[in-house]
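Have the sequence and the 3D view open as you go.

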Amino acid sequence: MAPGQKMYPRATVKKIVKAHSKCAVSKNADVMMFLDYVLFMQTLMKEAAIDAKQAGERGISARSVKKATADTLAKFKG
């Protein structure tokens, strides 16, 4: 990534979280939420790729993502 570029819009993430939870977000909580989101998406795509391969599909389809979603959500439930 080029110097000076941001990974994600930090202020936007804080506004979204504040709007949905009606609570203030502490200093670095938004960073942790974003990293958890990225880790979740990475795991979901890996699981979907495994499911697609086992089903004999050439690529990842919406069906394989839906199938992997429940298991991945269970892994990330806190």
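**Helices and contacts in brief**

His20 lies in helix H1, which covers residues 10–21; helices (H or I, at least four residues) are DSSP runs numbered from the N terminus. This is a predicted model, in which local features need pLDDT of at least 70, side-chain atom pairs count only at pLDDT 80 or more, and totals for chains, interfaces and linings use all residues. Residues are numbered from 1 along each chain as its sequence is written, and side-chain values use heavy atoms, with hydrogens and water left out.

**His20**
- His20 has a relative accessible area of 70%, so it is exposed (over 50%; buried means under 20% and partly exposed is in between, with a 1.4 Å probe and protein chains only).

**H1 against H2**
- The axes of H1 and helix H2 (residues 29–54) come within 10 Å and cross at roughly 90°; axes are lines fitted to C-alpha atoms over the stretch in contact, and angles run from 0 to 180 degrees between N-to-C directions.
- H1 is therefore roughly perpendicular to H2 (65 to 115 degrees).
- Arg10, Val13, Lys14 and Val17 of H1 meet Asp30, Val31 and Met33 of H2, where contact means heavy atoms within 4.5 Å.

**Ser64**
- Ser64 belongs to helix H3, residues 62–76.
- Ser64 counts as buried because its relative accessibility is 4%.
- Leaving aside residues up to four places away in sequence, Ser64 touches Ala48, Asp51, Ala52 and Glu57.

Methods
Helices (H or I, at least four residues) and strands (E, at least two) are DSSP runs, numbered from the N terminus. Angles under 35 degrees count as roughly parallel, over 145 as roughly antiparallel, 65 to 115 as roughly perpendicular and the rest as oblique.
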